[in-house]
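Q: Hi, I'm new to this one. Could you walk me through it?
A: Happy to, let's take a look together.

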Amino acid sequence: MSRLMIIGCGGVASVAVHKCCQNSEVFEEIMIASRTVSKCDALKEKLAPTTKTKITTAQVDADNVEELTALIKSYKPDAVLNVALPYQDLTIMDACLAAGVHYIDTANYEAENTEDPQWRAVYEERCKRLGFTAYFDYSWQWAYQKKFEKAGLTALLGTGFDPGVTSVFVAYAQKHYFDEIHTIDILDCNGGDHGYPFATNFNPEINLREVSAPGSYWENGKWVEIPAMSIKREYNFAEVGQKDMYLLHHEEIEALAKNIPGVKRIRFFMTFGQSYLTHMKCLENVGMLSTVPVDFNGQQIVPIQFLRRLLPDPASLGPRTVGKTNIGCIFTGIKDGKEKTLYIYNVCDHQECYKEVESQAISYTTGVPAMIGSMMVVSGLWKKPGVFTTDEFDPDPYMEALNRWGLPWVVEENPVLVD
Ligand code: NDP
């Protein structure tokens, strides 16, 4: 019995809205509020005849705290689900605090303008202190801990698949299978084919920033940074097959390194085909991935934003993507004094997702956990004052919900390990 405000109406939001509408017992009312209200209205028109959930829509600029606070105060939701962009995380958290509602998102804060001198000073200090140079990190949102605690509100960070489900897999492994976890390898495999020479499966700007950055991993209490795409491994994924995968920096490593006692190494690998990497390198070499505005015929243009305009909209990939994703975590550690290895993963079929919610599996595997995380908070199962990632709660109800809402998982003992 709850009311949820969903901010953003892109690929991930569309799946989250579909899933809330399938779950009307929990989500009696939702508001879809985004920059382009016509997209919210179109989604409402499509779903309203199929659901008991009462849907309303609104136009909002989530960069504007006052405007957003007023909208939250007038709609009075129990919680706000942020599936806009990581650029809006802090303004939406501020608005939630001002309006007194819980906050949920799927990706940690990232500055839109990485040339902003104030942001840059904090970033450069953090790079030196922690030893990784990715533009995104948890420090900005963890700084809200006291504010949420004092307000008696929950901020649940990163409830997508990775981060999100992967960290719930870690909490589940720790609760049920290990006395001590020593290593975690998070493996994100997309075996899907959309038939385009080059496209990204979620917001191109966020995606390309992430994968073109230097890789890094956590080992023996510190970060080790490596040049982008310089560590490659092969893995034979269940229901997908043999794929090349590359070590990336990824945000859940930061939270897990802090929250999992005794962990010695955490790495994140993502699969890429050669064509994707060649295109990306070429775009990077000619400056198209830059976030710094350039003057073009008297107009300021941000190259990566212009590139986004040219690339296929991730939301349009659904009907043409075939194949499966396989995302999960491989653990090594100790149980009852003996060495143990374990793999927990989910396989998701692009075409099955499309049949169900008219989206490809990347939006699906993010939008479903966004709905589940929201359900955990509004139902009170995951509610405590402060700012938390998904590894900091009881994993069992979330794991059950994954099975029920379309992302069933597999536990495999003695898996093949990554070198
Ligand atoms: P899209 O670009 O498809 O959608 C973003 C939406 O946010 C658009 O509807 C956009 O509006 C809206 N928006 C952007 N800026 C504002 C603003 N200032 N005010 C209001 N609305 C705004 O992105 P995706 O759906 O692909 O991704 C959504 C989020 O999910 C991102 O944060 C991404 O990082 C995260 N993600 C997380 C994953 C995980 O596993 N944890 C995996 C994949 C994505 P408009 O329609 O006008 O452009």
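Q: Let's start with strand β15. Is it buried or exposed for the most part?
A: This is a predicted model, and in it nine of the 12 residues of β15, which spans residues 324-335, are buried, so the strand is largely enclosed by the rest of the structure.

Q: How many bridges link β15 and β7, and in which sense do they pair?
A: Strand β7, residues 180-190, pairs with β15 over 10 bridges in the antiparallel sense. As an example, Glu180 has Ile334 of β15 as its bridge partner.

Q: Which residue takes a positive phi in the hairpin of β15 and β16?
A: That is Asp336, with a phi near 50°; the hairpin has two residues between the strands.

Q: Switching topic: which residues come nearest to the ligand?
A: There are 29 residues around the ligand, and Arg35, Thr36, Lys39, Ala62 and Asn203 come nearest. By type, the shell divides into 13 nonpolar, 10 polar and six charged residues.

Q: What does the side chain of Lys39 do there?
A: An N or O atom in the Lys39 side chain is 2.6 Å from an oxygen atom of the ligand.

Q: What about backbone atoms?
A: Ala84 has a backbone N or O atom 3.2 Å from a ligand oxygen, and a polar backbone atom of Thr106 is 2.9 Å from a ligand nitrogen.

Q: How much of the ligand does the protein bury?
A: Taken alone, the ligand exposes 930 Å², and the protein buries 94% of that.

Definitions and conventions
Residues numbered from 1 in each chain as written. Predicted model: local features only at pLDDT ≥ 70, side-chain atom pairs only at ≥ 80, totals over all residues. Heavy atoms only, no water. Near = heavy atom within 4 Å. Polar contact = N/O pair within 3.5 Å; in protein donor to acceptor, adjacent residues only side chain to side chain. Areas by Shrake-Rupley, 256 points an atom, 1.4 Å probe, with all protein chains shown as cover. Nonpolar A, V, L, I, M, F, W, Y, C, P; charged D, E, K, R; others polar. Buried < 20%, exposed > 50% of the residue type's maximum accessible area, 1.4 Å probe, protein only. Helix = DSSP H or I, 4+ residues; strand = E, 2+ residues; numbered from the N terminus. Pairing = 2+ DSSP bridges.
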